[in-house]
4 protein chains.
Amino acid sequence: MIKIALIGFGYWGPNLARNFSTLDSCQIKYIVDSNKQRLSLVKKHYPNVTAISEVDTVFNDREIDAVIIASPVSTHFTFAKKALTHGKHVLLEKPMTSSRAEAEELIELAKKQGKVLMVDHTFLYTGAVKKIKEIIEGGQIGAIRYFDSTRINLGLFQHDINVVWDLAPHDISILRYLVDEEPVSVIASGVSHTDNKIENIAYITLNYKSNMIAHFTLSWTSPVKIRKTLIGGTKKMVVYDDLEPTEKVRVYDTGFKVQDNSQLLIDYRVGDIYIPKVEQTEALSGLAQDFIQAMTTGKKPLSDWKSGLSVVSILEAAEKSIKNRGKEVLL
Amino acid sequence: MIKIALIGFGYWGPNLARNFSTLDSCQIKYIVDSNKQRLSLVKKHYPNVTAISEVDTVFNDREIDAVIIASPVSTHFTFAKKALTHGKHVLLEKPMTSSRAEAEELIELAKKQGKVLMVDHTFLYTGAVKKIKEIIEGGQIGAIRYFDSTRINLGLFQHDINVVWDLAPHDISILRYLVDEEPVSVIASGVSHTDNKIENIAYITLNYKSNMIAHFTLSWTSPVKIRKTLIGGTKKMVVYDDLEPTEKVRVYDTGFKVQDNSQLLIDYRVGDIYIPKVEQTEALSGLAQDFIQAMTTGKKPLSDWKSGLSVVSILEAAEKSIKNRGKEVLL
Amino acid sequence: MIKIALIGFGYWGPNLARNFSTLDSCQIKYIVDSNKQRLSLVKKHYPNVTAISEVDTVFNDREIDAVIIASPVSTHFTFAKKALTHGKHVLLEKPMTSSRAEAEELIELAKKQGKVLMVDHTFLYTGAVKKIKEIIEGGQIGAIRYFDSTRINLGLFQHDINVVWDLAPHDISILRYLVDEEPVSVIASGVSHTDNKIENIAYITLNYKSNMIAHFTLSWTSPVKIRKTLIGGTKKMVVYDDLEPTEKVRVYDTGFKVQDNSQLLIDYRVGDIYIPKVEQTEALSGLAQDFIQAMTTGKKPLSDWKSGLSVVSILEAAEKSIKNRGKEVLL
Amino acid sequence: MIKIALIGFGYWGPNLARNFSTLDSCQIKYIVDSNKQRLSLVKKHYPNVTAISEVDTVFNDREIDAVIIASPVSTHFTFAKKALTHGKHVLLEKPMTSSRAEAEELIELAKKQGKVLMVDHTFLYTGAVKKIKEIIEGGQIGAIRYFDSTRINLGLFQHDINVVWDLAPHDISILRYLVDEEPVSVIASGVSHTDNKIENIAYITLNYKSNMIAHFTLSWTSPVKIRKTLIGGTKKMVVYDDLEPTEKVRVYDTGFKVQDNSQLLIDYRVGDIYIPKVEQTEALSGLAQDFIQAMTTGKKPLSDWKSGLSVVSILEAAEKSIKNRGKEVLL
């Protein structure tokens, strides 16, 4: 039986607790939070878990095999480093760390210790994203030419991280999972409407050697909630709308072809639309199982540290570009 | 009776012809097009109009009071200059010219000649945009903090201009009409998926001194058509969806307030939504009347050369930023 | 060159005139209307057509091959009878006549005279309905078990016919075209909210020997416009939404199967959705060509008198059921 | 502390258990179910509740103040009668009973025993229905002229009751709550596509003395889920779409007026649309509190036996009309 400690029982921690607690192969021994109210919630819902405010207990307990870190981003590096140093496997909430350098140090340490270091990019485990991956790998879409994602709503303003660090990890991890190419540079812009200078609206463009382009629209201040991604290929195009209850993925049999020797250079093809049935199981449950498997069988998890590192690198570059007013930042 | 010549009977010309021909106060004398097929269409639908392929006839005819130029952008400057020089009023299809310098020269000439120089920014005459203007001027929205517009579809690839020059004039002219502040700089990115290097996808950010931000998503290669603009104010927010048949404008009684002295810095307010009835008359008919009025009464038209110049200046800066890979271009 | 007369230039007449006037194989000689204003519109738009208020001119003119009757329903029988008697082919606006008896008399006369007698059930010529027909004939849907149509909006109140006679012909003609079985009885209910006792809301159920059921919801007084039809088969189901601009037809790979020997009797299957591309040409143009072809080649038209008679029979029975407060009327 | 027993832990029972268990003023002592698997679920989630399969324990336990009955409809009467006879308050799942006679007998008994007899018409406690009630009572809608409800989806086929008894209680209870008039007669039709002759599609019309009309479309076999109600008044109209996540209620400032002395008899008014913010709390929690209050303070509950009786009377009449093929059944 794998014994787990969960650090952080704020917004996302309860979802992690709920999903790991239903697995037969593991047991949550500790849930750690500095807030008394959150700890009393833990006691109410998980009477068999030890609710504590002192995090070091977790690292020093030899029984603990793995630590899940869902505390604020600024604490990720310190907690993960301690956990790895004490020989624990680590699952980090997204974004992995506050900087690329921190991510790289953790990765080195995990390799040295021979421990699993995984990042919670939950969307990789959704039925919709898995279906899109399957469609792309089946060759239906052709070469991907653009990836355009909008993730906006009236969101909780974070105090420690801006909208890029808060929302973009979802879309960048999806992009990275679906597209087999790393971007070469970032151009970003944004604005803060609060005194603390934390951006609440941001726009990011990723440039690719292959001439693909990716773009992210991110906002905490939109009256309408939109979570829509357009993926354009040379053969077909996909629209992924995460807010659709049952029709999240649409495949458009639509493309365009360059006609060289005519006056009308571009020829469109508009055809049928296909809405595949998508698996409805909870994504976080799949992630929890993937983490346990990685620990017990050595199987590489889907949402691994490569994904975490790549996301953090892009976030860092995007922030730098915003601060430098759109200056292209090479990756 | 005002006598008019229309140059260009391609995509947009027929709409101009149809709208001007229904006005009692004016008469279309010539329609000019270099394409024989287009001219035979003119003859069929407008038997009383002289269909010609030679444009100079128009300028040399003393009877002609006004020239409407709906030929390719690259010809705008030459034709408009000739028309103004010959003492004609001019209505130019959008975008006004291929460069800021050209626009400025035309404006000087129009002033000197005392003639109307107007640009066809049709959207300013739609019921939806007029209603939003009315709502903003009524003070309901408060200070505008952001303007985020998406205009994408499977669009006709242009051979002479990129997606920025083709689509952005609509959104920039709307923005300028609604927001009483000129941007200070532009950051833009884009990509071309064709050999001719003409961008088919582009993203533009406009920065403002007041900390407002504007952003445009433009594409000719989206399988879904989207024409949606979000306008966020300090008091309320507006969503303008031009594809909604009857509910184009939605006012969200939603805002956010910065709370300094609490841990949760931002306080949201989510309230009712209001969908005002919007006038359904054809926008181009309003523009046609505005042009005639400007000629006959001297009244400043809504879509004047200031609007045209501002749009061209921003387009030029956006293109420069794209070519310089996101470098901020000051206006 | 076939010479045609059009009687009635009210709401629908102009559409008929426009479509027939673009055909090379025929020529509109007369347009008849009792209203002076309508006649002056005719003169403006169709200078080559003779605009008259006296209908007998049409019947007495030997040059006239065919008469299109788009005048009020109450006049259909008289005008069509005269036209057929004078040896003209006839196209009747829907509904064909005010009663089954009238329809039958016209049919007998047309047979005797050897002339085409056709009814304008425009929807049979739409890309959407043709696509659904094709899908059903391909066997994808299986046996049809239900047909449920809603056609409601803020509609023009008619003075001479109720909402059943006004709106139901569309849906009944579509139903009849798609389903190879005639109903055995009608149950209907409705209400009038005006002093003239003309129903503005009505509900019709058609019963079938095969245990299929069809239902129509009809209203002139709905604040939202809905034109949606559900067609459920034993294998798949179709949803036809006429208000969708590009996605009018959706095929659901969804069915249910009766499981006899288990406690859960019914087993559902929910699968992919498929949105076929649908032809976008104007339906009325197809109808016009079909009418001309029927005259010149003897080919049976799609929207023939059988369709017209069946529709009128059902309308008559539905009205009778409403007046008898839901009493089943056998067909 | 009020002690409660819950009979039935199938589809709806767990929701009742969850909501009553969070109330401080009451305690669930027993949960009864004949299915062993369901009982083991009870033990897992409610360790402090006694899980039993023998229902009489409940009636014989003097500590029990109230019994909630969520077992199959056919058992409602027997269980409720026993509970009332033993001096317990009763909350019945909808529909109240299998017949009007049963409902009336229970009501007499409840009155005699001085106990609360309440029916779980959950929708009366939703934010949306409460908001519509408030709007109607405020006089905005005027006199209601029609109520048209569609409740269709791929639903669970019931073995003991048809689609009318399963789905219509929701809509009839809402209708009755919003409209201050009882219907005078019912006309209904339906069909069964299974061997057991249980209708899976049904249509019900209710007639009113005031000339109002109500209609219900009910189906377990629609590939699309629709839960939409149109409520038309003399002044304004309401559309209630229960599937909209945040915009469930829309008020259309739309009406029609009869103009007697003109040729165009009806004059439409189409105005703004207003989408009020609607309370988001769980409806069942409000119902639970209402039941407790009714017991402790004697306050008449919202979803009282009058509502239950009226619903059952209409269901009974509708079924009779279906069996008699549309024959009007007087109420």
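This is a predicted model: local features need pLDDT of at least 70, side-chain atom pairs count only at pLDDT 80 or more; totals for chains, interfaces and linings use all residues.
The size of an interface is often given as the accessible area lost when the parts come together. For chain D and chain C this buried area comes to about 4300 Å², and carbon and sulfur atoms contribute 68% of it. Two salt bridges are counted between chain D and chain C. In a salt bridge between C:E328 and D:R325, the closest N and O atoms are 2.7 Å apart.

Chain A and chain C also meet. Their contact draws 11 residues from chain A and 11 residues from chain C, and about 920 Å² is buried between the two chains. Carbon and sulfur atoms account for 42% of that area. On the chain A side, A:D272, A:I273 and A:K277 lose the most area to chain C; together these three residues supply 45% of what that side buries. Two salt bridges are found across the interface of chain A and chain C. The side chains of A:E247 and C:R250 meet in a salt bridge, with an N to O distance of 2.3 Å.

Other chain pairs stay apart. Chain B and chain C are joined by no contact, and their closest C-alpha atoms lie 10 Å apart. Chain A and chain D do not touch either, with nearest C-alpha atoms 10 Å apart.

Attention now turns to helices packed within a chain. In chain A, helix 7 (residues 163–178) and helix 9 (residues 305–323) have axes that come within 9 Å and cross at roughly 130°. The two helices of chain A, helix 7 and helix 9, are therefore oblique to each other, and helix 7 passes helix 9 in a right-handed crossing. Helix 7 of chain A brings A:V164, A:W165, A:A168, A:P169, A:I172, A:S173 and A:R176 to the contact. From helix 9 of chain A come several residues, among them A:K306, A:S310, A:V311, A:L315, A:E319 and A:I322.

The axes of helix 4 (residues 73–85) and helix 5 (residues 100–113) of chain D come within 10 Å, crossing at roughly 10°. Angles under 35 degrees count as roughly parallel, so helix 4 and helix 5 of chain D are roughly parallel to each other. From helix 4 of chain D, the residues D:F77, D:A80, D:K81, D:L84 and D:T85 take part. They meet D:E102, D:E105, D:L106, D:L109, D:A110 and D:Q113 in helix 5 of chain D. The contact of helix 4 with helix 5 in chain D comprises six nonpolar, two polar and three charged residues.

In chain B, B:K94 and B:P95 are linked by a cis peptide bond with omega of about -10°; B:P95 sits in the loop between strand 5 (89–93) and helix 5 (100–113) of chain B. In chain C, a cis peptide bond joins C:K94 and C:P95, with omega about -10°, and C:P95 belongs to the loop between strand 5 (89–93) and helix 5 (100–113) of chain C. In chain A, A:K197 has a positive phi, near 65°, in a residue other than glycine. The loop between strand 8 (185–191) and strand 9 (201–207) of chain A holds A:K197.

Note on methods. Residues are numbered from 1 along each chain as its sequence is written. Chains are lettered from A and ligands numbered from 1 in the order in which they are written. Side-chain values use heavy atoms; hydrogens and water are left out. Axes are lines fitted to C-alpha atoms, for helices over the stretch in contact, and angles run from 0 to 180 degrees between N-to-C directions. Helices (H or I, at least four residues) and strands (E, at least two) are DSSP runs, numbered from the N terminus. Angles under 35 degrees count as roughly parallel, over 145 as roughly antiparallel, 65 to 115 as roughly perpendicular and the rest as oblique. A crossing is left-handed if the near helix is turned anticlockwise from the far one by less than a right angle, and right-handed if clockwise. Contact means heavy atoms within 4.5 Å. Buried area is the accessible area (1.4 Å probe) that two parts lose on being put together, summed over both. A salt bridge is a side-chain nitrogen of Lys or Arg within 4 Å of a carboxyl oxygen of Asp or Glu. Ala, Val, Leu, Ile, Met, Phe, Trp, Tyr, Cys and Pro count as nonpolar, Asp, Glu, Lys and Arg as charged, and the others, Gly among them, as polar.
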